[in-house]
Structures are given as structure tokens and as C-alpha cells.
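Have the sequence and the coordinates open as you read.

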Amino acid sequence: MTPRTPVASSPAKASSKPSSIPSDVADMSLAAKGLARIRWAGGEMPVLSALGRRFAKAKAFQGVRISACLHVTAETANLVHALRAGGADVVLCASNPLSTQDDVAAGLASEGVTVLAVRGEGHDSYWKHIDAALAHKPHLTIDDGADLVSRLHETGAAATSEIWGSLEETTTGVIRLRSMARDGALKIPVFAVNDAQCKHLFDNRYGTGQSTIDGIIRATNLLIAGRTMVVAGYGWCGKGVSMRARGLGAQVIVTEIDPVKAIEAALDGHRVMPMDDAAPLGDVFVTVTGNRDVIRKEHLLAMKDGAIVCNSGHFDVEIDVKAMARLAQKIETDVRHEVDTYVMPGGRRVHLIGEGRLVNLAAAEGHPASVMDMSFSVQALTTAHLVANRTGLEVKVHEVPPSVDVEVASLKLATMGLSIDKLTKAQEKYLKSWQEGT
């Protein structure tokens, strides 16, 4: 790989004025490959493409500065295109050190977008890029994990900046933001994009479900059929992983702390038990809880030889990787792509994928573009809503307007060649009436 050097932004094709902040990407010679990947993904994102054309006609984001902290993938690049088509000045940094696609970063930089992302970057570089994105003095931020917003608050800039608000893409980020709101620490209005139906019902379930299994298979070449897969957490992501694993012939064990979700998992046909009981039984472990220390020392010590451990929650805190390192007699790195083997006491081997970071992006390409078409269309329309209603927004965590879900779902159905029924006048009257009964 050639040495990294700052890349000055070239003239933008979109109507936005490029940021003066230079890009920092791994290798600009990868730009052509990245642009090809971006175009390929765009072919699977017709709703977002249509919104981009709408934004361009309306100049929806003319003069608006946006800083986005997202996974730098081909799908994200198409969101950036849609925002820039409407006139936005976008700076993009990575929301995870192992999720950046270096060719996509180079491709976007070649189009005049300021991109601050290098796959495998260290802690200092990661936060330097976030600080640079905030130096853009954004009117609004788009987050995946709330690192940008939390940094904005840590520095005190949230209380003094002219920022209108923020949008949060993932479950973990929404959890952080709701905690900030409860503690009275939140200083700007934010929209919980993750909680929109057209995001979590499809992205979290079908996107995470498929891409997590994809990452495991790419990293290990494992036959899923006949294996016991332990899925920690039965939220929408856990449901998706469990469904896909079972579909490939795995026996699924679910661990949960929520009794309602545990019952749901049991009625969906999965075994339910505490992690203490599941640890000796599992062949593959996937954490998707949004919480820390889900797999701990005692679980690692109980796992069978050859157990595979990975995480599909946003942050790398769900598996106690430090405990793994302390327990290991030897660590064999890169035994396969993104796989490290920890040799435990007695010679047992536990394989860790992607350093405990997001397995679907560390070892694969993330969610399929067609499901991200819906997620990023929700993101784009909610961005437009925030811009149009920026004055007077209450400082709190806002829900996405229901009309956004309806519009995205309707547009997606049309692109799939599907149509649905409409209420008759009599049906509309019946639903509004309370007099008619038995």
C-alpha cells in the first residue's frame, strides 16, 4: 500500500461547494475501482436515486454543511450523492475503524467529497478524523453510533455551535442518545432514524441477518448446517441472525435478559438459556446486544475447542477481547482473513473474527444495497425534514415522522413492481366509526 497523504478536494460534480478540509484516504489509485462499486450499489438503490433527483430539482440542501460519521461503503457513497445533489456540502468520516472500504473512500474523494477514513486506522487517527469532520462546522450531523454527537458534546461545541440537529442511524447510537437525554446532557435535537419502521424492520433484520452470516462464512468457510449457533440478543438484529442461521441448517440457541424477547425466541423455535449454559454448547457465537461484556472470561474458559466468536453489535465491547488476550497462552494472528486464534489453557482454540468489531463489515461488505436503499432513503428524507423544520425543534430524541416510512415503503414497492389494496369509502368510514359492532 502506498503511503497516505492528504488529498485536496477536486471540483464537485454536484451543486455543492466542496469543503476546504483535505481528504485523508489510504490510496487514491483505488478510485476507479471504488467508483465502479459505487455505481453497482447505486443500481440496487432506485428509491435513493429518485430522491436525489428530487433534491436536485428543489435544491433541498443548498448551502447546508453536513458532517457524517458512517460506515464508508458503496451504499453510504450513494447517500452522499443524494445529499450533494440537493446542494449539501458533505464531509464524511468513518464510524468504525474496520468498516471502511478504501476503494470507495478514494472514489468519493476523487469526486470532490472530503473523506476522512482509512481501513484499520488506529484510535488516534479515528478521533482525529472525527475532530476534522466537526471542524467543518456542520449545520447538522449524521451518525452511526453517536461518536460524532458525543464528541460534539464532550468539547462543549454542542451548546455554542449553530448546529440545527443530528440524525442517528443505529440501535447503539439511539441508546446512547436517549441516555444523554435522560441525564439532561443532550443539547441539540436528534432524530432516531434507526427506530423508523423502514429502517429497523428491514435493515436490522434482513440486512444484519444476511450480512452477519456472510461475514462468518467469508472469514471461516464454515458449513453452517449442523452447527450450534449461539445468538446473544433477540432484538431485530438477533432475530435476523437467528432466522438466517436456522435457514442454513444451524441449531440456534438464544441468550437474553428480556423475558418477553426470550419467550418470543422460544416460540420462534429456538432454544433459550443463559450464556453460562450456552458457552459449552456453541460452535459459533454472535453478539448483537448493544451492551458490553456479553461474552466474558468464564464463558471463554467454558467454550469447546474450535469455537468461533464474533460480534455484530456496533461497538467492540460485547466480547471481552482483553480477557481473551490475558487468558491465551498464544495468539495466532491472521490465520485467515480477519481471523485470530487464541490458544487457551489446555490447548483449546477460540477463533475471533474481526477483532470483535462488526463482523459483517470487518469480514464482508455489510448490508446488501437493496436493503440500504430503504435505510438511507429514510435518512435522506429525515434530513430534509430536519432542514425544513430546523427552527423551533425541541431538544430531545425525536421519532421519524410516520409519513417518511409510508413514502419510502410506497416508493420501494413501486420499484419492486408490487401494488397493494386501497381502502374503499365504506372501509374508511367503518374504521372511523365506533357505533358499528356485533
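In which helix do phenylalanine 202 and tyrosine 206 both lie, and how many residues apart are they? Both belong to helix 9 (residues 197-220), and they sit four residues apart, about one turn of the helix.

Before going further, a word on the ground rules. This is a predicted model, in which local features need pLDDT of at least 70 and side-chain atom pairs count only at pLDDT 80 or more, while totals for chains, interfaces and linings use all residues. Residues are numbered from 1 along each chain as its sequence is written, and side-chain values use heavy atoms, with hydrogens and water left out.

## Overall build

The protein's secondary structure comes to 18 helices and 15 strands; these are DSSP runs numbered from the N terminus, with helices being H or I of at least four residues and strands E of at least two. Its C-alpha trace spans about 75 × 65 × 45 Å along the principal axes. For 438 residues, a compact globule would have a radius of gyration near 22 Å, and the protein agrees with its 22 Å (taken over C-alpha atoms; the globule rule is 2.2 Å times the number of residues to the power 0.38). Of the 438 residues, 54% count as buried, where buried means under 20% relative accessible area, exposed over 50%, and partly exposed in between, with a 1.4 Å probe and protein chains only.

## Aromatic rings

A pair of aromatic rings is described by the distance of the centres and the angle of the planes. Rings of Phe, Tyr and Trp (its six-membered ring) pair if their centres lie within 6.5 Å; planes under 30 degrees apart count as stacked, over 60 as edge-to-face and the rest as tilted. By this rule the count comes to three aromatic pairs. One of them is the edge-to-face pair of tyrosine 126 and tryptophan 127, at 5.4 Å centre to centre and 90 degrees between the planes; both of these residues are buried.

Lysine 239 lies over the face of tryptophan 236, at 3.9 Å from the ring centre, and arginine 390 lies over the face of tryptophan 164, at 4.5 Å from the ring centre. The rule asks for NZ of Lys or CZ of Arg within 6 Å of the ring centre and within 35 degrees of the ring normal.

## Salt bridges

The structure holds 21 salt bridges, each being a side-chain nitrogen of Lys or Arg within 4 Å of a carboxyl oxygen of Asp or Glu. The table lists some of them.

| Pair | Closest N to O |
|---|---|
| Arginine 218 and glutamate 365 | 3.4 Å |
| Aspartate 373 and lysine 412 | 3.0 Å |

Arginine 218 forms its salt bridge with glutamate 365. Arginine 218 lies in helix 9 and glutamate 365 in the loop between helix 15 (359-362) and helix 16 (369-388), so the pair ties together parts that are 147 residues apart in sequence. Arginine 218 is partly exposed at 40% relative accessible area, as is glutamate 365 at 38%.

Aspartate 305 is in the loop between helix 13 (297-302) and strand 11 (307-311), and arginine 349 is in strand 14 (residues 349-353), so parts 44 residues apart in sequence are tied together.

Where do the partners of the bridge between aspartate 373 and lysine 412 lie? Aspartate 373 is in helix 16 and lysine 412 in helix 17 (residues 402-415), so this pair ties together parts that are 39 residues apart in sequence. Aspartate 373 is buried, with a relative accessible area of 0%, and lysine 412 is buried at 9%. Elsewhere, salt bridges that share partners join Arg37, Asp103, Asp214, Arg218 and Glu365 into one network.
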